[in-house]
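Dear colleague,

I am handing over a structure that you have not worked with before. Please look at it first, and then read the notes below alongside it.

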Amino acid sequence: MDTQEFGHRSGQLFGIEQRPATVFLGVLIALKIVLLFTLAWNARFVMDEFVQLGWAKYFSNGLFDTIWHPKAVGYAIFYEIAHLIGWDATSILLVGRIQTALLACATVAMVYACARALGEDRNRALVIVLLLLCFSNFMERIFRTIAEPLAVFFAVAALLVVLRARELSGRQLVAAGILSGLSFLATQKSVYFNFALGLGLVADAALAKRYAAGMARGAWLVLGWTVPIIAYCFIFGGADPVPIARNLVFGPLEIAARGGGDYGGLRRFVFQTLARNYVLYVFCFAGMALSLIQIMKLDERRRIALIFSIVVTVLVFAHDQPWPYVFIMALPFMSLWSLTLLDGAAIRVRYLHLAWIALVTAMAISFVANVLYLRFDNAAQLELVARAESLLAPGERYFDGVGMLPNRMEPTTLWLDKHYVLATLQEGKNSEVYNVLSKSPPKLILWSYRMDYINPVVAPLILNSYVRIAPNLRIAGSRIYPGQRKIFDVPIAGSYALYSADGTPLRGQVVIDGAVLDPPFHLAIGPKTVTLRDGAREALLLPTGSYAGHFKDGSDNEFLFDGVYD
């Protein structure tokens, strides 16, 4: 049975003919896209999203000057758009999400174009797109404000250039190489894409015994790949691009050398995605296996795409830090082979019907799973972000080790992942966190489970210097009471005054090291003995500011990032 005949029968399996089937598939895809944007707007943020979206703020604040990122920052250039459109921290985060969701739509459209370039008819290409959107990892991760969605976009574009070329000339290969280079500049994990595309082009020529053509293909691809890399090095390095080039190579090598050993148990995410999408994976894996068996019978385009897809899939699933978002690097290419099993099953109508039943059931379940995922909303995270931003002037600094405020500066770019949490606990007073909080203390600290982890090290710097004024928020200051002496180790020199628990200004006198003062008054850095002399039963001694309406009672929310990878 040829592809056209199968396409006709696949339309009939939905109970409708070809043109109505196209409309029906289009409606289902549209519903998925609506769900994608709903998830992008409402889903809880993963820690990585804050810091990667926020890196754009360093372009005019020392990036590759005083601040050296161990990764390529091409993704940060992309998220600069969100910084330009957004007007505050919350809007920047949500604009970034919508921006990435729009990018995902472009990626999906290119997957459709790839399927068509591989000879699929319209309905089969639409089914492939729908199946891609039914993968839970794709729907739940492709809108994240991290580097991988941008890298996948360029990787799919590079493959599409190769598949759409009538004849693989140097011009098309250089174009594909440029796109591969842009993918690499989004994240160096894209070396998987670069290697896979190069291997696909060269191996296809080798299988056809066109060895010289294979070498030429590789050379043209590498030439194109170097163009954006060289431009990147000169843009950020100016007259001295070598340090930038060195950073592109050795930065990720340092991270890769650490591996996922600090976390432990990351392979569970491989089993997680397989268990949640096992029907879809069966179709994709089986399709690639069946195609590989007949690789010598495939035409040039399908052979290149097959080798590319298999290599990327193997590398992604073998990655030693398989966080759930990593799988979006393989899913668009795997989905291209999802209907091949049905071609084989079409020989026996009974098996074809069973296969379609399994596939349609899996697709229906995916819609339900997308809706259920909405229960993990980001309301608490965005409330914390908005409250924290309201307490900081543009020039004031905060610390959380996560980077939750994309438009406010931090005293350090330290990222408190598990590696640096362990390093902090091991190094103690010699750690970067301790040095920052002791020598460049921020006005505000956003508290999360990562701060809980390092509390044994930083507690002496926080206990007498910061006071909680809302869940997960500590501000430089002290809670004082009438007649009760208290040590306030002032972290930031400046003007201080008295405020109530709700942030409104209070009148009263404060005894500081034996001197009676009327607020506001100036305090120098260092320990002070303070006592509330008269006035309210308790007061907050804080840097002078406007706090009314910005404080909130309640203990810390321990679930800000709970289950974000579930």
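This is a predicted model, in which local features need pLDDT of at least 70 and side-chain atom pairs count only at pLDDT 80 or more, while totals for chains, interfaces and linings use all residues. Residues are numbered from 1 along each chain as its sequence is written, and side-chain values use heavy atoms, with hydrogens and water left out.

Let me begin with the strands. Helices (H or I, at least four residues) and strands (E, at least two) are DSSP runs numbered from the N terminus, and two strands pair if DSSP finds at least two bridges between them. Strand β2 (residues 444-446) runs antiparallel to strand β4 (residues 473-476), and 3 bridges join the two; L444 has I475 in β4 as its bridge partner.

Strand β11 (residues 526-532) deserves a separate look. With 6 of its 7 residues buried, strand β11 is largely enclosed by the rest of the structure; here buried means under 20% relative accessible area, exposed means over 50%, and partly exposed lies in between (1.4 Å probe, protein chains only). Strand β6 (residues 486-490) pairs with β11 in the antiparallel sense over 5 bridges, and I487 stands opposite T529 in β11. Strand β8 (residues 510-512) also pairs with β11 in the antiparallel sense, over 3 bridges, with V511 opposite T531 in β11.

Next come the cysteines. A disulfide is taken as a pair of cysteine sulfur atoms within 2.5 Å, and the structure holds 0 of them. C114 is in no disulfide, since the nearest cysteine sulfur, that of C284, is 15 Å away; C114 is buried, with a relative accessible area of 1%. For C134, the closest cysteine sulfur is again in C284, at 11 Å, which is too far for a bond, and C134 also counts as buried, at 4% relative accessibility.

Rings of Phe, Tyr and Trp (its six-membered ring) pair if their centres lie within 6.5 Å, and planes under 30 degrees apart count as stacked, over 60 as edge-to-face and the rest as tilted. The structure holds 27 aromatic pairs. In one of them, the rings of F50 and F561 have centres 6.1 Å apart and planes at 85°, so this pair is edge-to-face. Because F50 lies in helix α3 (residues 47-54) and F561 in the segment after β12 (539-543), the pair ties together parts that are 511 residues apart in sequence. Both F50 and F561 are buried. Another pair, F59 and F236, is stacked, with 6.2 Å from centre to centre and 25° between the planes; F59 is in the loop between α3 and α4 (74-85) and F236 in helix α11 (residues 211-237), 177 residues apart. One aromatic cluster is formed by F45, F50, Y449, Y453 and F561.

Finally, the charged side chains. A salt bridge is a side-chain nitrogen of Lys or Arg within 4 Å of a carboxyl oxygen of Asp or Glu, and by this rule the count comes to 17 salt bridges. E300 meets R210 in a salt bridge (3.6 Å, N to O); E300 is in helix α15 (residues 300-318) and R210 in the loop between α10 (191-207) and α11, 90 residues apart. E300 also meets R217 in a salt bridge (2.5 Å, N to O), and R217, in helix α11, is 83 residues from E300. At 29% relative accessibility E300 counts as partly exposed, as does R210 at 40%, whereas R217 is buried at 4%.

Elsewhere, D556 and R474 form a salt bridge (2.9 Å, N to O). D556 lies in the segment after β12 and R474 in strand β4, so this pair ties together parts that are 82 residues apart in sequence. R474 counts as buried, at 13% relative accessibility.

With best wishes
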